[in-house]
Amino acid sequence: MSSTYAGYVAWRGTLDEADAPPDLVRFFDDAFTFCEARSAGHILAYFIPGDGADTAPGKRRLNGSGTWAFARPIYPVFLIDRDGRQHHVSLPFGGTPDSAIRDLCDLARREVHPMLAALVAATPQPFLQTIVDVAPTRTVFGRVCLLGDAGVRRSSAHRRRHRQGGLETRRPWRERSSVPAGTLDAGLSRFEEMQIGFGRGLVDYGVALGRRWAA
């Protein structure tokens, strides 16, 4: 199965609340903040639990995530880590070079609300990844099948924000000792056929939404 670059790149990072400027804490507290980028893309931010699942004020983390549209894969720019190694889909945590972080901060200042740009600038060690689409071509392996997101999507290193489909998966059969010989294999084959069709339709739907959103 092959992947297709979706036209945009994602970044993600977290900032300990204790290290965040007070104005950022006040701005993002008790809210799920979303902002569209001027030149296509978006960014969002919200608080998540800190160490030990601690949700007490001062112990949480501020989570930021966003996507930026690029007309072509930007491997030469963003997917070379700080040790000079080329990656094909994503950079590991701590691997984003300082030059790419500066470019990300400059992009945020041009594209999104100043408070969200300030969050990007304050976030240590963000990591980056390209978004790709992969339509499923197989979901059954012998008598084992993939369910949920794995079964209908298997589609991206980073999910398209506007596509959620794993919960649509259904279980039309269940193996029992009384099932006649051959029935299970036939059921798995039919199940795979339905899942592949659903997965391809889901990818096409996500691509169409992405093109409208990034226009």
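Strand 2 and strand 3 (residues 41-48) run antiparallel and are joined by four bridges. The model is predicted, so local features need pLDDT of at least 70 and side-chain atom pairs count only at pLDDT 80 or more, while totals for chains, interfaces and linings use all residues. Residues are numbered from 1 along each chain as its sequence is written, and side-chain values use heavy atoms, leaving out hydrogens and water.

**Exercise 1. Work out the strand order of the open sheet and find its edges.**

Step 1. Strands here are DSSP runs of E with at least two residues, helices are runs of H or I with at least four, and both are numbered from the N terminus. Two strands pair if DSSP finds at least two bridges between them.

Step 2. The five strands follow the order 2-3-4-1-5, with antiparallel pairing. Strand 2 (33-36) and strand 5 (127-133) are the edges, each pairing on one side only. From one strand to the next, the twist averages 20°.

**Exercise 2. Find which strands helix 3 and helix 4 lie across.**

Step 1. Contact means heavy atoms within 4.5 Å. Axes are lines fitted to C-alpha atoms, for helices over the stretch in contact, and angles run from 0 to 180 degrees between N-to-C directions.

Step 2. Helix 3 (residues 98-111) lies across strands 1, 2, 4 and 5, at about 80° to strand 4.

Step 3. Helix 4 (residues 114-122) lies across strands 1, 2, 3 and 4, at about 70° to strand 3.

**Exercise 3. Describe the largest nonpolar core, then the second one.**

Step 1. A nonpolar core is a set of buried Ala, Val, Leu, Ile, Met, Phe, Trp, Tyr and Cys residues joined through side-chain atoms within 4.5 Å. Buried means under 20% relative accessible area, exposed over 50%, and partly exposed in between (1.4 Å probe, protein chains only).

Step 2. The largest core has 29 residues, and F28, W68 and V112 have the most contacts inside it. Helix 3 gives the largest share, six residues.

Step 3. Beyond four places in sequence, V112 touches C35, E36, A37, R38, I43, W68 and A117.

Step 4. A second, separate core of five residues includes V140, C145, L188 and F191. V140 is buried, at 10% relative accessible area, and lies in strand 6 (residues 140-141).
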